[in-house]
Amino acid sequence: MPRRQIRQPLALAAGSCIAAVTFTVPSAAPLSARLVEAPPSAPTSEPRMTISAPSGCVVASVGLASLAGVGLADLKRRSKTCRHFFGEQETVTKTETVEVHQKGTQHPPGSRIPEGTPEPHPMTIRKRPRRNRRSAAQRDMFAETRLTASNFILPIFVHEGTEDIPISSMPGVCRRGVDTGLLKEVEEAVQLGVKSVVLFPKTPDELKTQTAEECFNPEGLAQRAIRNVKQAFPDVVVYTDVALDPYNSLGHDGIVRSDGVILNDETINYLCKQAVSQAEAGADYVSPSDMMDGRVGAIRDALDEAGFTNVGIMAYSAKYASAFYGPFREALDSNPVIADDWKVPKGKETYQQDPANYKEALLEAQLDEEEGADILMVKPAMPYLDIIKGLKDQSNLPIAAYHVSGEYAMLKAAAQNGWLDEKAVVLEALMSIRRSGATVILTYYAKEAARWLQEAK
């Protein structure tokens, strides 16, 4: 007998699944399908479909798309005799019924769903990313980014006194005495697993000049701080700041001409001397933050000529003219100063980068890498995550990001007012910086974050 193949799509009630059944049937055989309601005692999540065809038919396949994605259909066959009347002739044929029991969402024994919960949506979902997020063990296994204390550099402000002086705009942060509080702060950081620090000196006003010669004084505050840390904690990695603003009576990173121009090449001469003096004191990395053109190459040459080939350079490659630096400048008293007989720019836009620019950061970073930088930095961090990613994609060097004083102050203030969960938002902020591509994070939260990470283990 000639045979034909029929694919019969059938939609079940309640929108819980969609079935497609393929039959091979005699060419003249009738085909029917109907939905059979489940009896009251049956689970409502298991609708049942009955497909009937003459016994000569062959059920080739049953394709069933389940919303819950749990198993295939349960198939049951049963036979019965049907009578067909064609005119005055009565024939008797056997038909086979295939019952398809579809398993919907399976809830754990004893669990309850709220009254009024609708039926599952009638869509087919085979790929469910939530499967990999079901348990803490799974989430930990599949985590793409890790945040640890070893990623942190703790910035420390130092001054000549013996007492710790709180910084009002940065609650919890102080200027540490160079011979007292500094070592205590480093010890606490090391105990928490933070083994890198960057030092910023609060130079006494009487030592500041327009040409900032104090920056390369071998007995200067920064140099003594470096020696103190390396003598007490030889394994701690010490980073320094190379720029003139802490020593400049006019508050700029470079030497200021009377018409307000920041001198580039003349400034570099003193930056080189500053870097070498810091290396002599024991610095592991010098960090030019001044943003003068060509200074990384000049500093690299100066260090090599002085025999410090192993001292690295962490370049502030993408340092933006940001409003987030306010608390830092209070800590070091390094804001530009108005002078009666000298034109002093109010801001640092002629050497720090425009926040509107992205490609400029890539160019600056490329130049710093070509000139011999070992680490490329973006500052600030969170408002410039796209820049961090851009540098990471462009370079094979480690990328650092400075979670700056303004970012710290915002989170701290919100937490103190009860507006945010401090631990949660800080770890999320630092993770976002890490995820965007930063290997190194300079943050005033280094100790607290390290402690929170330990507690989470």
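**Helix pairs and cavities**

Modeller: Helix α7 (residues 359-371) and helix α8 (residues 385-394) cross at roughly 45 degrees, and their axes come within 10 Å. This is a predicted model: local features need pLDDT of at least 70, side-chain atom pairs count only at pLDDT 80 or more, and totals for chains, interfaces and linings use all residues. Residues are numbered from 1 along each chain as its sequence is written, and side-chain values use heavy atoms, with hydrogens and water left out.

Colleague: Is α7 oblique or parallel to α8?

Modeller: That angle makes α7 oblique to α8. Under 35 degrees counts as roughly parallel, over 145 as roughly antiparallel, 65 to 115 as roughly perpendicular, and the rest as oblique. Axes are lines fitted to C-alpha atoms, for helices over the stretch in contact, and angles run from 0 to 180 degrees between N-to-C directions. Helices are DSSP runs (H or I, at least four residues), as are strands (E, at least two), numbered from the N terminus.

Colleague: Which residues meet in α7 and α8?

Modeller: Ala 361, Leu 362, Ala 365 and Gln 366 in α7 meet Ile 387, Gly 390, Leu 391 and Gln 394 in α8. Contact means heavy atoms within 4.5 Å. The α7 with α8 contact divides into five nonpolar, three polar and no charged residues.

Colleague: And at what angle do α4 and α5 pack?

Modeller: Helix α4 (residues 264-281) packs on helix α5 (residues 295-305) at about 45 degrees, with axes 9 Å apart. That makes α4 oblique to α5. On α4, the contact uses Ile 268, Leu 271, Cys 272, Ala 275, Val 276 and Ala 279; on α5, it uses Arg 295, Ala 298, Ile 299, Ala 302 and Leu 303. By class, that is 10 nonpolar, no polar and one charged.

Colleague: New topic. How many cavities are there?

Modeller: Four of 30 Å³ or more turn up in a search of the whole structure. A cavity is a set of points on a 1 Å grid over the protein atoms alone, where a 1.4 Å probe fits but cannot get out; lining residues have an atom within 4 Å of a point.

Colleague: What volume has the largest cavity?

Modeller: About 110 Å³. It is lined by 15 residues, with Asp 245, Asp 253, Lys 319, Phe 328 and Lys 379 nearest its centre. The lining of the largest cavity has five nonpolar, three polar and seven charged residues.

How values were computed:
Ala, Val, Leu, Ile, Met, Phe, Trp, Tyr, Cys and Pro count as nonpolar, Asp, Glu, Lys and Arg as charged, and the others, Gly among them, as polar. On a 1 Å grid over the protein atoms alone, a cavity is a set of points where a 1.4 Å probe fits but cannot get out, and a pocket is an open set with protein on both sides within 12 Å along at least five of seven lines; lining residues have an atom within 4 Å of a point. Grid points are joined across faces, edges and corners, and a volume is the space filled by probe spheres set on the points.
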